[in-house]
Amino acid sequence: MGEKKEKEEMVVTAWKVSGEIDYNKLVEQFGTKHVTQDILDRMEKKAGFLHTQLRRRVFFSHRDIDWWLDTYDRGEPVGLYTGRGPSGPVHLGHLLPWFFTKHLQDVYDADLYFQMTDDEKFLLHDHLTLDETIGYTYDNALDLIAVGLDAEKTHIISDTDNIDHLYRIGLEVAKKVTYSTIKAVFGLNDSDNIGIIFYPAIQAVPCFIQSAREGRKVAVLIPAAIDQDPYWRMTRDVAERLGYYKPAQMHAKFLPGLGKGGKMSASQPETAIFTIDPPELAEEKIMGAFTGGQPTVREQREKGGNPEVCSIYAYYFFLLEEDDAKLVELENECRSGAMVCGDCKARLGKVVSSFLVDFQRKREKAKDRLEEYLIK
Ligand code: TYM
């Protein structure tokens, strides 16, 4: 009675993610499917190993991945598509689907169309000018390149600078989507600007661009976190009417921020680790992180901590500890109280710091290669 549980309501839309996320509920609400063991077996067989993000079910949901794999197995053309809304520096959460995309590119030898939505972010955020979002397009592209994608098979598109590649198909899409659909799918209302009403047609285009350029139907897979799904619902609705395949998706969970609950988000910079953060700053942020530990060291030693709610553990789980045995060891040390939070944070700080040093070196090198990756 009178139980006032302050559980923030889950919101997952294309433009907002907040609250405690129930991924099973999202599968139900969005009408997607869970990634099954059968799918994992197929992907493992082809790759020769099961990628960490599959093994740990970070990519937990899909639409038509089985069809995409069948298409590949029949020797028909397959492609990849993902993207970024360049509104600021890239954080570790953004890298998560990009590392997986690189894995898919390597295994399936597929072209990747990568969309930089400098138009979307300009339209959505009052504080950003178009020059700023376009600037971030080329800045964020360095992060993408640092992930190690193949220059010959990767085509980065700036919506603004490369609109000539997009506009015709964008119009074809727009003509098939009604205002009431857009309002319902994206939760728009009468005070939203007209640019953002049209914009979803532009995000649909790279699902079809490879087919249009090659003059044949290409089966496209989109690896991204599940927040982008509303776009694909709309796109899948019109795809066949335009003579293309419906795009398939694999949906990732969100890398949490360093605070309590919620995804890593650039709007909370103190709880996000950006790829351009000086390593010492990242270590400082980690030392201030929310953990699943007890209030005192003595209690931690007695009762142990809870990795399930711990943001520090999440970094190992999602991204930074690929060795399953080591992850279990870490978990056991936490639960038994053998490890206290201060030490665990300091350890993660070192791991993140060396990750950043390495990544920033690759990012610097990417400056010389940027041109090679831009769509021709
Ligand atoms: P954006 O810039 O919000 O996010 C870029 C990519 O990162 C994923 N993401 C995360 N993944 C894991 N953990 C997190 N904390 C986290 N935060 C963001 C997003 O799902 C996305 O994959 N409208 C898009 C740009 C876009 C796009 C696409 C994205 C255009 N076409 C196709 C994916 C696929 C956007 O603003 O993404």
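**Close-up 1. Arg-216 and the residues that Arg-216 touches.** In this predicted model, Arg-216 touches Pro-77 and Ser-211, where residues up to four places away in sequence are not counted and contact means heavy atoms within 4.5 Å. Arg-216 lies in the loop between α11 (209-214) and β8; helices (H or I, at least four residues) and strands (E, at least two) are DSSP runs, numbered from the N terminus. Arg-216 is partly exposed, with a relative accessible area of 44%, given that buried means under 20%, exposed means over 50% and partly exposed is in between (1.4 Å probe, protein chains only). Although Arg-216 and Tyr-244 are 28 residues apart in sequence, their C-alpha atoms are 8.9 Å apart in space.

This is a predicted model in which local features need pLDDT of at least 70 and side-chain atom pairs count only at pLDDT 80 or more, while totals for chains, interfaces and linings use all residues. Residues are numbered from 1 along each chain as its sequence is written, and side-chain values use heavy atoms, with hydrogens and water left out.

Close-up 2. Seven strands form an open sheet with mixed pairing, in the order β3-β4-β9-β8-β5-β6-β7, where two strands pair if DSSP finds at least two bridges between them. The edge strands are β3 (33-34) and β7, each of which pairs on one side only. Strands β5 (residues 78-84) and β8 (residues 219-225) run parallel and are joined by three bridges, and Leu-80 has Leu-221 as its bridge partner in β8.

**Close-up 3. Strand β7 and its neighbour β6.** Strand β6 (residues 111-116) pairs with β7 in the parallel sense over five bridges, and the bridge partner of Phe-114 in β7 is Ile-156. Strand β7 (residues 154-158) is mostly covered, since five of its five residues are buried. Thr-154, Ile-156 and Ser-158 point one way from β7, whereas His-155 and Ile-157 point the other way. In a regular strand the side chains alternate between the two faces of the sheet.

**Close-up 4. The crossing of helices α8 and α10.** The axes of α8 (residues 163-176) and α10 (residues 194-204) come within 8 Å and cross at roughly 115 degrees; axes are lines fitted to C-alpha atoms, for helices over the stretch in contact, and angles run from 0 to 180 degrees between N-to-C directions. That makes α8 roughly perpendicular to α10, a term for angles of 65 to 115 degrees. Residues in the contact include Leu-166 and Tyr-167 of α8 and Phe-198 and Ile-202 of α10.

Definitions and conventions: Angles under 35 degrees count as roughly parallel, over 145 as roughly antiparallel, 65 to 115 as roughly perpendicular and the rest as oblique.
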